Amino acid sequence: MSASMKECLQLQLLEMEMLFSMFPNQGEVKLEDVNALTNIKRYLDGIREALPPKIEFVITLQIEEPKVKIDLQVTMPHSYPYVALQMFARSPELDRQQQLLLNRGLTSYVGTFDPGELCVCAAIQWLQDNSTSYFLNRKLVDEPSTQAKPVKNTFLRMWIYSHHIYQQDLRKKILEVGKRLDVTGFCMTGKPGIICVEGFKEHCEEFWHTIRYPNWKHISCKHAESIETEGDGRDLRLFHSFEELLLEAHGDYGLRNDYHMNLGQFLEFLKKHKSEHVFQILFGIESKSSDS
């Protein structure tokens, strides 16, 4: 990597300062963790030893013509700007097709930046300059004329880790969102809770945002796999639908619902779906067969 982690975080703080100067009014830039920037500064000053959480925020943009709002959701990986941002634009005035095309155009534009270049401010300017056509033409099929090259689809697979997934209403929400969007994968309930979601990048990022907000804090995306494709991505999928995965549990520690899932069974499940390599990424331990 051409820059250290601390250099990347310093650049992220610089870009956040620019954003707050561009959007000074309260509520225009909403940090998911209000202490995120303070924690990064403490880390850079050597006061905090642990790597701080990623910067995640939403910027509300006012589009003049037509008079609409766009919420731009941004996650800065620790190594940004030397790795890509996670970015998703949404508006209640856009239908699903419009929103998909808008995000494809935005992703294509941001993809033109070289590693090391800050791009959130430029992405905001692109949305302000180019979003009008997506709102005005509800039967838009092609990308706007400003796009010089055809846009390839990005197929994404996200591996999500949570300390636990127990609550019935949360489990129901995860399944409903997974089935509503064109994604496949699974949700393993219990302790720990594991979610895999795969599909087009825009759908996966919408899934990720929807299940987290407004208040699911103890959850993280441990690993993501992406590949460019010109097809529908069906041949890239490891799962045929989005389902709940129920495995045997180990032990009862006297607390309601405090049990650990059988990780040996989970490993066998991953092997059947050509995903054994993810086991060590999720849990930090070498994979072993359930028969051993």
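**Notes on the salt bridges**

**Notes on the salt bridges**

1. The term covers a side-chain nitrogen of Lys or Arg within 4 Å of a carboxyl oxygen of Asp or Glu. Both residues sit in helix 7 (residues 201-212), four residues apart, about one turn of the helix. Helices here are DSSP runs of H or I with at least four residues, strands are E runs of at least two, and both are numbered from the N terminus. Lys201 and Glu205 are both buried; that means under 20% relative accessible area, with exposed over 50% and partly exposed in between (1.4 Å probe, protein chains only).

2. A word on the source: this is a predicted model, where local features need pLDDT of at least 70 and side-chain atom pairs count only at pLDDT 80 or more, while totals for chains, interfaces and linings use all residues. Residues are numbered from 1 along each chain as its sequence is written, and side-chain values use heavy atoms, leaving out hydrogens and water.

3. Glu225 and Arg157 also make a salt bridge, at 2.8 Å, N to O. Glu225 is in strand 8 (residues 219-229) and Arg157 in strand 5 (residues 153-162), so this pair ties together parts 68 residues apart in sequence. Glu225 is buried at 19% relative accessibility, and Arg157 is buried at 8%.

4. Then there's Glu244 with Arg171, a salt bridge of 2.8 Å, N to O. Glu244 is partly exposed at 26%, whereas Arg171 is buried at 16%.

5. The overall count is 11 salt bridges.
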